[in-house]
Amino acid sequence: MSEPLTGTPLPADHPLATTDPARSTVGSPLVTAFRGGTPSRIPVWFMRQAGRSLPEYREVRQGIGMLESCLKPELASEITLQPVRRHDVDAAIFFSDIVVPLRLAGVDVDIVPGTGPVLGQAVRTAADVAALPELTDESLEPIREAVRRTVAELGSTPLIGFAGAPFTVAAYMVEGGPSRDHLGPRTMMHADPETWNALATWAADTAGAFLRAQIEAGASAGQLFDSWAGSLSLDDYQQYVQPHSAHAFSHVRDLVDGSGQPVPLVHFGTGTSEILPAMRDAGASVMGVDYRLPLGEAHRRLGATPGPDGRGTVPLQGNIDPALLSAPWEVLEAHVREVVEAGRVAPGHVVNLGHGVPPTTDPTVLTRIVDLIHSIQP
Ligand code: 1CP
């Protein structure tokens, strides 16, 4: 699966390029599994591992707004590191949000406690889209600064950068805030496809620049969150969404490490059982699987339709059911072991949740899961 050295090399001091063993992430369990190899231990991290389940997070966030926290490099870095220190997870996920690049571009958006992202004005017409500000490279400096500070502390533990996929971000923009069925964007793609395509192109370029800034500054992998893609039919996904997600990935696909290997790219959404192969075809090298689909079945579905690079199957990430985090330990342990065993069918498996950590989760349970997974033979 080695690719020729045709890409854009990462900076020589990048964790995927450095020859310093104390800082290199190339041999880390996460990067090894993402690339389909056998890791020294089974890697695990948790979506939303930073955040409200941790008392140390609630402590440092006191009196500071969510987006404000994301834009203070020292604080964003500290919050990113907290779950790595506490749980010994195999990766840090950059503490930020899918709407941070919107705020950096100058869009009137805030994260309202208990609600989520809310825009001052919904984006619904061609004129609204035409008036969207451009994300400049300079405005991404607080992101690069936070990433640099974080990787300097992480040593050989990789940092995962992320962005929101065009559909999920556009869903917030069209609705003006969180919604259940995402009717607004799903209507727009049929009723006014030109405006939809312009909005999704803007969202793809903004996400791509945000992700590229994180990877260039030191992240060892990138994940595109299309959390709400599961509300789409396969036809709608293929026609109106997949090209834009592919466009977002195209912003970072050229980046290669010291030996010419591409940076691992993960694509994740929820309720995506029917569109999983189509999501993979947007250009990720690893597929996130939510808790609804057993990993063996995900592997079968992905193998049934070889991707653009001709490989029939891809490494998987997932898929512990977050609901079981509050079940008795014996029940949870059996489930975790089942997920680990199911993951062995894939060329590589990174254990994660099938969606984010619920805020009510007892953090000691997460640490116990990490210990359990690390005790199992890879
Ligand atoms: O004050 C707070 O603590 C706000 C809660 C919070 C946090 C901790 C929000 C608001 N965002 C975040 C951080 C965050 N968001 C991270 C980094 C932390 C980590 O993973 O450890 C990441 C990767 C995200 C990405 C994100 N934001 C997604 C995709 C992932 C997913 O969970 O599906 C989505 C959909 C958002 C929007 C968003 N931001 C915040 C909330 C509560 C929501 C969801 C709102 C809704 O239900 O529509």
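At roughly what angle do the axes of helix H8 and helix H10 cross? Keep this in mind as you look through the views below, which all come from a predicted model.

**View 1. Helix H8 meets helix H10.**
The axes of H8 (residues 166-175) and H10 (residues 193-217) cross at roughly 115° and come within 9 Å. Two packed helices are described by the angle between their axes and the distance between the axes. The crossing of H8 past H10 is right-handed. On the H8 side, look for Pro 166, Phe 167, Ala 170, Met 173 and Val 174; they meet Trp 196, Leu 199, Ala 200, Trp 202, Ala 203 and Ala 204 of H10. Sorted by class, this contact has 11 nonpolar residues, with no polar and no charged ones.

Find Pro 178 in the loop between H8 and helix H9 (183-191). Is Pro 178 buried or partly exposed? Its relative accessible area is 40%, so Pro 178 is partly exposed. Leaving aside residues up to four places away in sequence, Pro 178 touches Thr 115, Gly 116, Pro 117, Val 118 and Tyr 172. Leu 119 is 59 residues from Pro 178 in sequence, yet their C-alpha atoms are 9.8 Å apart in space.

Strands of a sheet pair through backbone hydrogen bonds, either parallel or antiparallel.

**View 2**
Strand E6 (residues 221-225) and strand E8 (residues 265-268) run parallel, joined by 4 bridges. Phe 225 stands opposite Phe 268 in E8.

**View 3. Strand E10 and its two partners.**
Why is strand E10 (residues 316-320) described as largely enclosed by the rest of the structure? Because 5 of its 5 residues are buried. On one hand, E10 is joined by 2 bridges to strand E9 (residues 286-288), running parallel, and Gly 288 has Gln 317 in E10 as its bridge partner. On the other, 5 bridges join E10 to strand E11 (residues 349-353), also parallel, where Gly 318 is partnered with Val 351. Together with helix H14 (residues 329-343), E10 and E11 make a right-handed β-α-β unit.

Note on methods: Residues are numbered from 1 along each chain as its sequence is written. This is a predicted model: local features need pLDDT of at least 70, side-chain atom pairs count only at pLDDT 80 or more; totals for chains, interfaces and linings use all residues. Side-chain values use heavy atoms; hydrogens and water are left out. Axes are lines fitted to C-alpha atoms, for helices over the stretch in contact, and angles run from 0 to 180 degrees between N-to-C directions. A crossing is left-handed if the near helix is turned anticlockwise from the far one by less than a right angle, and right-handed if clockwise. Contact means heavy atoms within 4.5 Å. Ala, Val, Leu, Ile, Met, Phe, Trp, Tyr, Cys and Pro count as nonpolar, Asp, Glu, Lys and Arg as charged, and the others, Gly among them, as polar. Buried means under 20% relative accessible area, exposed over 50%, partly exposed in between (1.4 Å probe, protein chains only). Two strands pair if DSSP finds at least two bridges between them. A crossover is right-handed if, with the strands pointing away from the viewer, the path from the first strand over the helix to the second runs clockwise.
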